[in-house]
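Thanks for coming, everyone. Please have the viewer open. I'll keep this short.

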Amino acid sequence: MDAAAEALLRQTVRRIPSSKLNGVLGRWGCLSEAQLGSLESMQPKWLLCDNLISLCRENDLSMKHVAEVEMLYCIENPKRGMWYAYQMVETDDEAQSLELMHFRERFKAHLKDLIGHVSIKLKRHQDESVWIRIAWGDNFNRPNHLKPTYVMHHLQTPYVFVSGLTNKHKPLLFQALVLAAGYSSIKNAHLNGRCITALRDLLMRQYKQVFPSSCPKPLKESNPLPNPNIENEHAKLVEHKQRAAAEAFGYEDPPKLERATYKLETKYREHGNESLNGRDEPFRGVVKFTSSNLLESLKYCITSGMASTPLTPLLSSITQKGRNYFVIRDKGPSIASDTLGPDH
Amino acid sequence: MEAQKSATMTPRTNVASGRRSLGFEKTNLRYTPGQLTALRIPTSRRKPNTRNDIDPEQLAYIANIEWKLSYVTPLYKFRHTQLVLYSKQLSAFIVAEKQKGIAVEVGPEMGFKVVFSVVLGMTETDEDAETVFIKICSKPAFAVEGSAVKVVWSGWFTCVNGNLDYMRSLPSDFVSLPLFCTNGPESITALVKSWFTRMFDCYFGPLSLNSSILQWLGALWTECHPASNIRYLKLAWNLPTLPPLDISYTVHPQDAWNLWSSIRQNDSMEDGISIEEVRRFMKGLESHFFRHFRMHLSAGMLTRICTSLGSAHCDGTIKITGTQYITPVLMLLTECAQLKMPI
């Protein structure tokens with residue numbers, strides 16, 4: 001148990017809430033029943049941490065073991081910063097029948113070929129996802145376990161979710177991934193967010209868009225003079241809006257995204273501004289939507305009438321294409337409708 | 001030295017005679033709600049001009065810092081010649097409050113120094129009172145000779161192109177410096193305000209910026225683009241959805257200027273900008289947004305406007321980076337502050 005392992009253990013314990021700590025340590029399996037019992041309900045946390053470190057010394061645990069407890073917690077609670085989605089392309093047949101053991105060996109071998117000092121851990125989660133934890137080092141430094149890169153991948157799918165990756169290590173990781181999974185290249189899927197399950201659901205179409213046959217009735221306000229005709233019209237309108245919102249973003253609990261970005265490269269086309277309308281150059285700009293739950297906010301926009309129906313394809317593309325970054329260009333010189341720009 | 005210099009710059013308004021009395025007791029001032037019928041935000045403004053006559057060293061204290069805005073009613077018997085005395089008095093006041101046990105974050109065991117100074121030339125008319133700048137620096141207990149002092153709090157009172165009718169209507173002995181900008185811990189701001197309230201019988205209130213002011217700022221800054229690249233024009237709205245939705249729209253500077261100049265060229269006002277043009281400019285941006293997203297930005301609130309020349313937030317904070325265009329911005333803010341004055 002060296003200083004680096006101790007620092008990582010302290011950081012990890014600090015991050016885990018007290019209520020979850022005993023569970024995580026139990027699943028870790030590096031401490032005996034008696035040792036776990038002695039840690040139970042020990043307060044405050046720093047005291048627990050000191051005792052935990054002395055127990056680890058007793059059991060002769062090393063960085064390898066400490067990294068494991070960090071990874072265990074991260075897999076169960078993957079809310080650490082932004083996750084970015086990538087898509088591997090041009091598969092060979094082999095990718096369809098790849099097994100975990102095989103993938104693990106090939107990935108480790110390829111990455112270690114590319115960079116000497118690197119520490120890799122691979123684990124399969126209950127939901128069949130494969131989690132990879134990489135601590136990077138270089139020729140002069142040992143792997144930095146305090147800032148690891150996490151990768152989540154489902155075998156037999158082209159999607160990879162990455163968090164905590166620097167530009168320096170990006171090509172190394174991508175090359176190892178592509179070679180190990182049997183693809184020829186990898187591209188940005190233009191989707192990011194803090195909630196990895198939402199990203200996965202959006203990309204793998206696991207998220208069900210429900211088309212309800214009946215809508216829940218809007219709340220009736222007590223009105224002293226009810227007018228059945230007005231109410232009827234109003235109810236119809238509300239139902240129409242709710243259906244439009246549900247068709248675009250699902251009926252309940254849409255996947256949790258934080259932002260969507262649109263790069264506008266369309267021409268300016270408004271009435272009464274001939275000098276700009278005649279120009280060939282686009283009117284450039286970037287529009288960003290941010291919310292703690294973006295799709296929920298957009299749904300609210302539609303149902304409350306802040307956004308007009310029919311809903312623009314630009315917004316519904318978030319769920320339909322599983323992306324939250326778009327480049328918008330005019331389709332052709334004379335066509336008025338907008339088009340979503342090509343991938344790049 | 002400081003006092004002598006500022007003596008010459010004390011506005012003549014303070015000693016001018018024969019003005020109409022407002023007919024209220026000055027103690028009533030703080031209880032009067034901010035209602036004013038005589039003052040209005042003008043519907044047109046002059047085009048921003050560059051200014052070079054303000055001391056760059058003094059401007060450096062103001063530039064690149066995010067200021068929290070407040071308005072303040074006219075100061076009774078404030079003298080630009082007494083700044084040295086005020087420095088000592090405010091300093092003593094803070095020490096006294098500290099001894100009373102009120103938490104002041106000047107530093108645990110450190111001494112501090114209060115400095116009042118005048119920023120010369122930050123005026124438009126002869127009747128504008130000169131800007132007063134206050135700096136509170138911490139003095140470490142074991143300071144090395146010549147080591148840099150840390151500014152823990154700063155604030156300034158200003159009046160740029162204040163409404164002449166209003167200023168002339170004030171009784172003598174009142175100095176109108178309606179805009180108060182602060183940067184630093186809230187606790188010190190509160191202390192400084194309470195000292196001013198007691199000393200000069202004035203009243204402070206928060207100054208928020210409504211969307212019309214933000215739109216003016218956006219247009220004024222965009223107008224500067226050919227002379228000084230604004231790099232971007234960023235507008236941000238907040239929509240009252242559940243959960244709240246923030247929308248930001250960053251426009252390419254050249255395209256923003258093209259839109260602005262296409263609106264400007266139709267108008268005959270050569271060196272003025274009218275509110276109509278500002279509205280059309282914002283409408284033009286909003287309708288381009290609407291064509292893509294079919295969302296009504298008018299359902300929400302314009303919260304922020306930024307260019308590389310400065311940024312302003314609706315909650316009443318402002319940062320000025322392009323100091324050569326500081327006067328039009330301060331003129332606008334002075335107007336806002338004066339609108340809050342009780343009459």
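First, the ground rules. This is a predicted model, where local features need pLDDT of at least 70, side-chain atom pairs count only at pLDDT 80 or more, and totals for chains, interfaces and linings use all residues. Residues are numbered from 1 along each chain as its sequence is written, chains are lettered from A and ligands numbered from 1 in the order in which they are written, and side-chain values use heavy atoms, with hydrogens and water left out.

Start with the helix pair. Helices (H or I, at least four residues) and strands (E, at least two) are DSSP runs, numbered from the N terminus. In chain B, helix 7 (residues 253–264) packs on helix 8 at an angle of about 135°, with the axes 10 Å apart. Axes here are lines fitted to C-alpha atoms, for helices over the stretch in contact, and angles run from 0 to 180 degrees between N-to-C directions. Helix 7 and helix 8 of chain B are therefore oblique to each other. On that scale, under 35 degrees is roughly parallel, over 145 roughly antiparallel, 65 to 115 roughly perpendicular, and the rest oblique.

Who makes the contact (heavy atoms within 4.5 Å)? From helix 7 of chain B, the residues include B:Leu259 and B:Trp260; from helix 8 of chain B, they include B:Phe281 and B:Leu285.

Next, B:Arg45. It sits in strand 1 (residues 44–46) of chain B. Is B:Arg45 buried or exposed? Buried, at 8% relative accessibility. The cut-offs are under 20% relative accessible area for buried, over 50% for exposed, and partly exposed in between (1.4 Å probe, protein chains only). The side chain of B:Arg45 makes a polar contact with the side chain of B:Glu335, at 2.9 Å. A polar contact is a pair of N or O atoms within 3.5 Å; within protein, one must be able to donate a hydrogen and the other to accept it, and residues adjacent in sequence count only if both atoms are side-chain atoms. B:Arg45 also touches B:Trp216 and B:Asp271, among others.

Now the backbone. Most residues other than glycine have a negative phi, and most peptide bonds are trans. The bond from B:Leu242 to B:Pro243 is cis, with omega near -10°. B:Pro243 lies in the loop between strands 10 (233–239) and 11 (245–251) of chain B.

Over to chain A. A:Asp60 has phi near 60°, a positive value. A:Asp60 is exposed, at 64% relative accessible area.

Note on methods: Contact means heavy atoms within 4.5 Å. Lists of a residue's contacts leave out its neighbours within four places in sequence.
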